[in-house]
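Here are a few exercises to work through with the model open beside you. Try each task before you read its solution.

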Amino acid sequence: MASLDTEAPSASASAADADPAAQATAAATEEVFRRLSERPAELLRFATAGSVDDGKSTLIGRLLYDSKQVFADQLEHVEQTSQRMGHDFVDLSLLTDGLRAEREQGITIDVAYRYFATAQRRFIIADTPGHEQYTRNMVTGASTADLVIVLVDARKGVLAQSRRHAFIASLLHIPHVVVCVNKMDLVAYDEEVFAGIVSEFESFAARLDLTDVTFIPISALNGDNVVERSQTMPWYQGPPLLYHLEHVHIASDRNLIDVRFPVQWVIRPRDSDYRAYAGQVAGGIVRPGDDVVVLPGGQHTKVAAVDTFSGPVPEAFPPMSVALRLADEVDVSRGSVIARPHNQPTVATGFESLLCWMSERPLDPRRRYLVKHLTRTVAVSGMDVRYRIDVETLHRDESAYTLALNDLGRVRLQLTSPLIFDSYRRNRVTGSLIVIDEATNDTVAAGTILDTESEADGETGEVTRDAKPERSPNVRWQRTSMTRAERWQALGCEGATVWFTGLPAAGKSTIAAAVEDRLVRAGCNAYLLDGDNLRHGLNGDLGFDESARAENVRRTAHVARLLADSGAVVLVSLVSPYTADRELAAGLHAAQELRFLEVFVSTPLERCQQRDPKGLYARAAAGELAGMTGVDAPYEPPEQPDIVLGAAGEAVEQAVEQVLQALGLD
């Protein structure tokens with residue numbers, strides 16, 4: 001990164017002022033940058049996935065062709081190649097299948113990246129292979145995607161590889177999924193075929209962590225519903241694919257809450273007092289004057305200025321590349337991470353990771369490996385395989401002790417030096433890593449860091465964040481002779497957790513208690529886990545700061561999961577103010593294939609303050625109570641809850657009916 005010291009003009013700048021040719025070049029360069037700046041600024045990265053011959057490359061070729069993104073010489077070359085291959089049509093898949101082996105076999109092997117832009121948005125496409133043996137290529141291509149397109153052949157329906165890629169998209173927490181049912185022309189554009197595939201995919205996706213799934217019927221070969229609405233499928237009332245790609249909302253997908261700034265380079269020009277720390281913002285919003293802490297050292301300081309190549313800016317956010325100037329001289333070097341004092345990432349030498357093994361040499365705990373994370377590279381001292389995942393059945397093989405090529409598994413990593421990280425669910429940048437073979441320097445695995453937990457240091461009383469395994473490596477889950485299905489069938493009720501969240505006095509416990517009463521009277525085993533009741537025993541040792549609230553949610557989520565597994569409908573009434581903690585609770589249930597409903601009781605703050613049954617709001621207003629959620633402590637509303645109650649002021653009976661209807665027990 002160039003020096004940002006602008007106090008004195010450089011010699012080259014003086015020469016440019018005197019040289020007319022240099023002035024003309026500078027003016028031309030400025031014009032180029034001006035034109036570039038007029039292009040749409042928002043960038044959408046998306047990947048294509050699906051089984052072999054589902055038409056991924058043809059779809060991308062059609063997108064490029066119909067959006068006028070193909071040069072004349074490229075199109076001429078594709079036409080000639082199509083003729084040599086004996087086609088009586090222009091094979092648009094050749095625009096992306098660049099390897100000779102791909103063209104000869106008619107398949108995609110490597111990940112092909114293509115760029116195009118429309119008036120609304122810029123795009124980077126990753127065309128990933130469909131063969132099972134190239135799963136690793138799909139993982140790498142989709143790892144940075146904001147959206148994934150899963151193609152399904154209308155003639156074949158949802159195949160094993162379609163489910164595999166949908167599962168990988170879920171593991172990578174890709175925010176948006178578009179299921180394109182391709183080759184509708186080969187099934188006479190039959191609406192029933194499309195509806196059947198939608199139903200089949202939805203039943204599978206219900207077991208995954210997919211929050212936004214859209215279905216579009218298309219014919220990539222003929223262009224139906226790709227760029228323009230199809231006239232042959234009037235029964236489909238949704239937008240074409242390109243319109244959806246141009247308008248899908250991705251701004252809120254980035255983490256703008258947790259400030260994370262990995263330092264890549266220290267800028268210290270010679271003969272200058274200027275010192276800044278360059279890097280790319282990985283999360284949150286950084287502004288001059290912000291209190292920050294430098295990790296792993298823990299030194300506290302303030303942000304003096306946020307600099308860019310064009311000069312200081314009032315704020316920086318992902319994915320801006322900037323240089324931060326700090327108010328104090330503190331120890332900052334490559335590999336350090338700058339964060340907020342009361343919202344710090346985890347600093348630890350051990351954590352759980354979900355790895356995709358990419359090497360033909362299986363994982364060998366005796367070999368020497370390195371972990372590359374952000375701008376730090378550290379040696380691995382231990383790798384313990386917890387289980388391998390069968391991505392077709394979603395079952396776990398806990399007898400596995402190694403991972404082979406394309407395997408996905410949960411691994412406990414122990415390092416020789418600490419890393420500074422978040423869980424991948426919380427931040428995709430600070431929660432991802434790669435594993436390198438130290439002897440060959442080959443990248444042998446890519447991984448995501450699984451959810452971390454907060455704890456209080458008993459000796460110092462200071463809050464520290466450390467990654468703890470969900471269980472000791474020396475214990476195994478004790479299975480019983482009765483399966484979950486047998487237990488539920490005998491009880492006559494399927495277990496689930498309904499998680500009520502909202503401000504204090506929103507009415508969570510009132511509604512949850514009413515739901516419990518209805519279910520029990522109907523013969524269904526139900527139980528209310530109320531936040532106040534839990535603090536009389538299980539959570540009685542916890543306070544109300546951020547880390548204590550996180551631990552409160554964690555303990556409650558584990559209890560709810562066990563009760564749901566037993567066949568009970570668990571009704572959790574908990575303020576649970578932080579999104580990450582509620583997502584952790586949902587993830588615990590998803591990992592065990594247990595149903596989890598998030599109910600947002602969205603009663604406005606003013607109405608909650610009027611109710612104030614415990615007098616807490618009055619005490620907070622009088623300065624007698626600190627850390628009151630909604631007053632001087634934050635509440636992060638759910639972005640996509642399963643049910644929203646309270647906004648319209650509906651009666652308790654109406655709210656109960658909505659919950660029972662969502663459970664399918666009305």
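**Exercise 1.** Does Asp307 count as buried or exposed, and at what relative accessibility?

*Solution.* A word on the ground rules comes before the steps. This is a predicted model, in which local features need pLDDT of at least 70 and side-chain atom pairs count only at pLDDT 80 or more, while totals for chains, interfaces and linings use all residues. Residues are numbered from 1 along each chain as its sequence is written, and side-chain values use heavy atoms, with hydrogens and water left out.

Step 1: Asp307 has a relative accessibility of 3%, so Asp307 counts as buried (buried is under 20% relative accessible area, exposed over 50%, partly exposed in between, with a 1.4 Å probe and protein chains only).
Step 2: find Ser321, 14 residues from Asp307 in sequence and 9.3 Å away in space, C-alpha to C-alpha.

**Exercise 2.** At what angle do helices α13 and α14 pack, and how far apart are their axes?

*Solution.* Step 1: α13 (residues 546-565) and α14 (residues 579-591) pack at about 20°, with axes 9 Å apart. Axes are lines fitted to C-alpha atoms, for helices over the stretch in contact, and angles run from 0 to 180 degrees between N-to-C directions.
Step 1: that angle makes α13 roughly parallel to α14 (under 35 degrees is roughly parallel, over 145 roughly antiparallel, 65 to 115 roughly perpendicular, the rest oblique).
Step 2: look for the contact, meaning heavy atoms within 4.5 Å. Among the residues that meet are Val553 and Arg554 in α13, and Leu584 and Leu588 in α14.

**Exercise 3.** Which parts does the aromatic pair of Phe46 and Phe123 tie together?

*Solution.* Step 1: rings of Phe, Tyr and Trp (its six-membered ring) pair if their centres lie within 6.5 Å; planes under 30 degrees apart are stacked, over 60 edge-to-face, the rest tilted. By this rule there are 8 aromatic pairs.
Step 1: Phe46 and Phe123 are edge-to-face, at 6.2 Å centre to centre and 80° between the planes.
Step 2: Phe46 lies in strand β1 (residues 43-50) and Phe123 in strand β3 (residues 122-127), so the pair ties together parts 77 residues apart in sequence.
Step 3: Phe46 is buried at 1% relative accessible area, and Phe123 is buried at 0%.
Step 4: ring pairs link Phe46, Phe116 and Phe123 into a cluster.

Definitions and conventions
Helices (H or I, at least four residues) and strands (E, at least two) are DSSP runs, numbered from the N terminus.
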